[in-house]
Amino acid sequence: MPVMAERSRRGREKIEHRGGSDSDGEERSIKRGERRDRSEKRERDSDRRDTEHHRSSNSNSKRMEDKDDKRRGRRQHSDSDREMKSGKINVKKDVKVVDPNENPGGPLATLGRTGGVYIPPFKLARMMKEIDDKASAEYQRLTWDALRKSINGLVNKVNATNIKNIIPELFSENLIRGRGLFCRSCIKSQMASPGFTHVFAALVAVVNTKFPEIGDLLLRRIVLQLKRSFKRNDKPQLLAAVKFIAHLVNQQVAHEIVALELLTILLDNPTDDSVEVAVDFVKECGCILQDLCPKGLHGIFERFRGILHEGEIDKRVQFLIEGLFAIRKAKFQGHPAVRPELDLVEPEDQLTHEISLQDDVIDPETSIDIFKQDPNFIENEKKYEEVKKSILGDESEDEEDADSGSDEDDDDDDDDDEDEEDDEEQMQIKDATETNLVNLRRTIYLTIMSSVDFEEAGHKLLKIKLEPGQEMELCIMLLECCSQERTYLRYYGLLGQRFCMINKVHQENFEKCFVQQYSMIHRLETNKLRNVAKFFAHLLGTDALPWHVLSYIRLTEEDTTSSSRIFIKILFQELSEHLGIRLLNDRLNDPSMNDTFESIFPKDNPRNTRFAINFFTSIGLGGLTENLREYLKNMPRMIMQQQKPESEDESDSGSSSSSSDSSSSDSSSDESDSDEDRRRKRRKRK
């Protein structure tokens, strides 16, 4: 196209140069050049289409060839499969024929770590019977696979109810040979279901009494897993390992120093995750640490307190630490070291292992997890048979005695056993999702919010069927609904008063709610705090709640916070408005309630007394502190009166000594007078 344009341009220049050409000749030359340009463009387009078509045809042919190759491979593979099934395989010259004599272990010796393909148990037993040489590698391989499957099956199906039946079956297997398999199975099962950690720890504790090397090996592997997950920041695996170590400490398989060392490492450089793991660890084994090493546990809690005061961690983790302090205050109730049904080992029979987390070299002995031919296989099996008889012999006799005793009991109390079985079946059903509890709370909330007045709400709420122990949910929901309101509504106070008057159980539950709310009052907002204080003031003012709950309040500068002072202020101001200052003062000065209000009006220290007086004076209730003021005024006199008897005793002892001195002086003076008289007489005679 550029060539033709150049030619047309030159033609136009020639025509212009000649100057004698006419306009028609010029137009014809221009049209001629345009036609040439169009024809050349068409030729180029056709050439481009031809090249593209050629390329696409080549790629399609290659794809077809690949598909043909795949089809041929499939046909060859299917043909070889059919030949293998029919047993008509022709051995070619380039194929090496394996001589069975070259492999003394047989085909099973060439299998991998997992033992190769799955072999059904009946077929495995038949293969073991067919082998005559019990010391051969093939037979040892078969027994190794059977041992591995048996140990895995027993560990996987153990639970708190059948652990006493699983233990004899486990000891019937060769645990000395399969100690690596047992440890690996326990660790994998615990990782898969951490909720059964206490069961696996109890199982390991029983095995540790007979084979301490197994307990030591398991502890070493768990410590290595712990260190590995800690370096990799693998939180789920770290939580599982920490929980396993905690329950091993509870079962006294691991020494308590391991627990204290682990807590020290976790809290050395505290992060949100490390503190959370440490809190979970203390919840699991804090009960036994409090008994075995209370000073060490106290140091750990002081470290928790320091982390809490630093305030560098997340709010959620701070709440976890506060909850841990509450659990410690309750002496770890709800978090026992060992459950009664899993307390299977006597303390004097248990062997405790101690290992340091700082050790650089810890041998996990992973080589014993893999099959190896044992040249002394038959002798070792006979030795374990003797060990098994010594272990299971006494237990079998005990089981027979227990069975005979249970048979006699069954003959006497058949009906009682049936009732107990029904109760056990009912106890086995547990709602882990708390669906029923959520539905109950929703029902209570909707009933409270949809009622016109407190009488209608109380009538509807009493119709709700509550199971034993769910009465507390009613009180909690009533208090929660009250705290969520923008301003305090007397409706909630009247409803709470009605429930306290109807049933004493609700009254006790509201007492627990008061203690719980006051202990966690720093978490409430100002509006919620005001509503809760007015609610309890209404219950106290109407005598629906006993006044001895105020003994939980200790009004000192050290024991109160800004939130608790606001709560006490609103509580007593509401009581003064409801009862009047005179009646409230009479209540607080009741001689029978002196012990109850001693913490609110302290007399143990002048500093605390002045703080209480200043507090009530600042909130406009100075009239309640008249007795405190008199006590503070008379305190110097009381101190002087206490000091007088001491001074009198000292004066009595001093007077007795002075009287003796005076008597001695009198006697000496008499003697001196008599001497002077004698001298005078002698002088007169002279």
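The following dialogue examines how several terms apply to this predicted model.

Visitor: Why is the pairing of Asp369 and Arg221 called a salt bridge?

Guide: The N to O separation between the side chains of Asp369 and Arg221 is 3.1 Å, and a salt bridge requires a side-chain nitrogen of Lys or Arg within 4 Å of a carboxyl oxygen of Asp or Glu. The pair therefore qualifies. Asp369 lies in the loop between helix 13 and helix 14 and Arg221 in helix 8, so the bridge ties together parts that are 148 residues apart in sequence.

Visitor: What makes Arg221 count as buried?

Guide: Its relative accessibility is 8%, and buried means under 20%; Arg221 is therefore buried. Asp369, at 10%, also counts as buried.

Visitor: How do you know whether Lys460 is buried, partly exposed or exposed?

Guide: Lys460 has a relative accessible area of 34%. Lys460 forms a salt bridge with Glu456, with the closest N and O atoms 2.9 Å apart. The two residues stand four apart in helix 17, which means a separation of about one helical turn.

Notes. Residues are numbered from 1 along each chain as its sequence is written. This is a predicted model: local features need pLDDT of at least 70, side-chain atom pairs count only at pLDDT 80 or more; totals for chains, interfaces and linings use all residues. Side-chain values use heavy atoms; hydrogens and water are left out. Buried means under 20% relative accessible area, exposed over 50%, partly exposed in between (1.4 Å probe, protein chains only).
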